[in-house]
Amino acid sequence: MKRLVVAVLVVGGLAGAVAAVGVLGVGSFVVDRLGLLLMPRSPFPRCTDDDKRLASALVVLSILDARPVEAKPDGKRLGGCNDDDRLAYAEQSYRLSVSRADVPSFYREAAIKDGWKSAPVPKQEESATQVCLTKVINSRNVYLSVGYSDRPEEKDSDDYFLQVSSGPSGSNLC
């Protein structure tokens with residue numbers, strides 16, 4: 001009889017342990033799944049399929065091929081969609097063999113011929129070298145700007161980049 005009681009207790013203990021492990025496993029599975037449903041995967045927005053299509057359209061814009069005769073493409077064209085802020089963009093860098101003084105007027109003229117329109121520039125950022133144009137592409141406001149290196153060692157460089165970009169809010173990105 002003692003053996004029977006001991007056997008029942010051992011089997012019962014093992015069954016209880018198996019059940020406890022099973023409950024813990026199911027419990028952690030449920031908590032895991034509830035966590036995924038209730039918590040966003042990322043605190044940042046993610047690029048949508050529309051954002052990615054727009055980025056693909058931006059990379060092939062002809063304005064990115066426009067350049068003064070003295071400018072040569074410097075590296076591959078970049079483009080894509082930044083998941084942190086759903087920013088669709090494309091960019092091409094250029095290297096000049098002369099001063100960059102005429103670059104802003106060249107792009108203003110070329111872009112306007114291509115259907116771009118002047119976009120307002122905040123008063124504190126206005127300058128003769130500021131290029132800010134806009135065009136609607138795939139139902140979104142896209143902004144064209146010309147940029148120069150901010151690195152001190154390249155301040156005298158005549159290299160520049162041409163960028164087109166669009167965020168989901170449609171706000172000015174120049």
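These legends walk through several views of one predicted protein model.

**View 1. The whole chain, from end to end.** Residues are numbered from 1 along each chain as its sequence is written. As this is a predicted model, local features need pLDDT of at least 70 and side-chain atom pairs count only at pLDDT 80 or more, while totals for chains, interfaces and linings use all residues, and side-chain values use heavy atoms, leaving out hydrogens and water. Look for three helices and seven strands; these are DSSP runs (helices H or I, at least four residues; strands E, at least two), numbered from the N terminus. Their order from the N terminus is α-α-β-β-β-α-β-β-β-β. Of the 174 residues, 30% are buried, where buried means under 20% relative accessible area, exposed over 50%, and partly exposed in between (1.4 Å probe, protein chains only).

**View 2. How confident is the predictor, and where is its confidence low?** The average pLDDT, a confidence for each residue from 0 to 100, is 77 for this protein, and 66% of the residues score at least 70. Where pLDDT is low, the predicted coordinates should not be read in detail.

**View 3. Helix α2 and its buried face.** Which residues of helix α2 (residues 49-59) are buried? They are D51, L54, A55 and L58. Seen down the axis of α2, these buried residues fall within an arc of 105°, so they line one face of the helix; the arc is that of the directions from the helix axis to the C-beta atoms. An α-helix has 3.6 residues a turn, so residues three or four places apart point the same way. The partners that the buried residues of α2 pack against are β2 (78-82), β3 (87-96), β5 (132-137), β6 (140-147) and β7 (160-166).

**View 4. The disulfide between C47 and C81.** A search of the whole structure finds one disulfide, a pair of cysteine sulfur atoms within 2.5 Å. This one joins C47 to C81, with an S to S distance of 2.0 Å. C47 lies in the loop between α1 (2-38) and α2, and C81 in strand β2, so the pair ties together parts that are 34 residues apart in sequence. The torsion about the S-S bond is about -95°, so the disulfide is left-handed. C47 is buried, at 10% relative accessible area, whereas C81 is partly exposed, at 22%.

How values were computed: pLDDT = per-residue confidence, 0-100. Contact = heavy atoms within 4.5 Å.
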